[in-house]
Amino acid sequence: MQRYSLLIDADDTLWENNIYFEQAFQQFVEVLDHSHLNPTQVREVLDEIELENIRIHGYGSANFGRTCSSVSAFLPKSPSPSGNSKS
């Protein structure tokens with residue numbers, strides 16, 4: 001029987017600092033104050049754009065800032081027809 005090994009490089013600095021990215025995301029959502037997307041929906045857009053930016057630019061705080069900027073430019077800014085209908 002052939003044996004296989006799985007190696008995992010767990011960088012604890014990423015785990016320790018992830019809370020700061022999560023806090024920055026919450027502040028981003030508050031500043032964005034999108035007219036018809038709730039924070040979960042904004043996060044879905046951010047995650048999609050972030051994955052594409054990671055493919056191009058790699059990981060890091062600069063990429064997170066780039067992603068937030070791209071999200072704010074990408075999302076429509078027009079109000080929803082029934083007013084503010086975040087749910």
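A contact here means that heavy atoms lie within 4.5 Å. On that basis, among contacts in the protein chain between residues at least 6 apart in sequence, 57% join residues at least 24 apart. The model is a predicted one, and its protein chain holds 3 helices and 0 strands, with the elements running α-α-α from the N terminus on.

**Burial and surface**

- The protein chain has 87 residues, of which 23% count as buried.

**The largest nonpolar core**

- The largest nonpolar core is made up of 12 residues in all, namely F25, F28, V29, L37, V42, V45, L46, I49, F64, C68, V71 and L75.
- Two or more residues of this core are given by each of α1, α2 (39–57) and α3 (61–74), and α2 gives the most, with 4 residues.
- C68, itself a member of this core, touches F28 and L46 when residues up to four places away in sequence are not counted; both of these partners also belong to the core.

**V29 in helix α1**

- V29 has its place in helix α1, which covers residues 12–32, and it is one of the residues of the largest nonpolar core.
- V29 counts as buried because its relative accessibility is 13%, and the cut-off for buried is under 20%.
- Leaving aside residues up to four places away in sequence, V29 touches P39 and V42, and of these V42 is listed in the largest nonpolar core.
- V29 and R43 are separated by 14 residues in sequence, while their C-alpha atoms are 8.5 Å apart in space.

**The loop between α1 and α2**

- D33 lies in the loop between α1 and α2, where its phi is near 45 degrees, a positive value in a residue other than glycine.
- As background to that angle, most residues other than glycine have a negative phi.
- With a relative accessible area of 49%, D33 is partly exposed, because exposed would require a value over 50% and buried a value under 20%.
- H36 also has its place in the loop between α1 and α2, and at 28% relative accessibility H36 counts as partly exposed.
- H36 and P76 are 40 residues apart in sequence, yet the distance between them in space is 9.4 Å, taken from C-alpha to C-alpha.

**The largest pocket**

- The volume of the largest pocket is about 400 Å³, and of the 16 residues that line this pocket, the closest to its centre are N18, F21, E50, Y59 and F64.
- One of these central lining residues, F64, is also part of the largest nonpolar core.
- Sorted by class, the lining of the largest pocket has 7 nonpolar, 5 polar and 4 charged residues.

Technical notes
Residues are numbered from 1 along each chain as its sequence is written. This is a predicted model: local features need pLDDT of at least 70, side-chain atom pairs count only at pLDDT 80 or more; totals for chains, interfaces and linings use all residues. Side-chain values use heavy atoms; hydrogens and water are left out. Buried means under 20% relative accessible area, exposed over 50%, partly exposed in between (1.4 Å probe, protein chains only). A nonpolar core is a set of buried Ala, Val, Leu, Ile, Met, Phe, Trp, Tyr and Cys residues joined through side-chain atoms within 4.5 Å. On a 1 Å grid over the protein atoms alone, a cavity is a set of points where a 1.4 Å probe fits but cannot get out, and a pocket is an open set with protein on both sides within 12 Å along at least five of seven lines; lining residues have an atom within 4 Å of a point. Grid points are joined across faces, edges and corners, and a volume is the space filled by probe spheres set on the points. Ala, Val, Leu, Ile, Met, Phe, Trp, Tyr, Cys and Pro count as nonpolar, Asp, Glu, Lys and Arg as charged, and the others, Gly among them, as polar.
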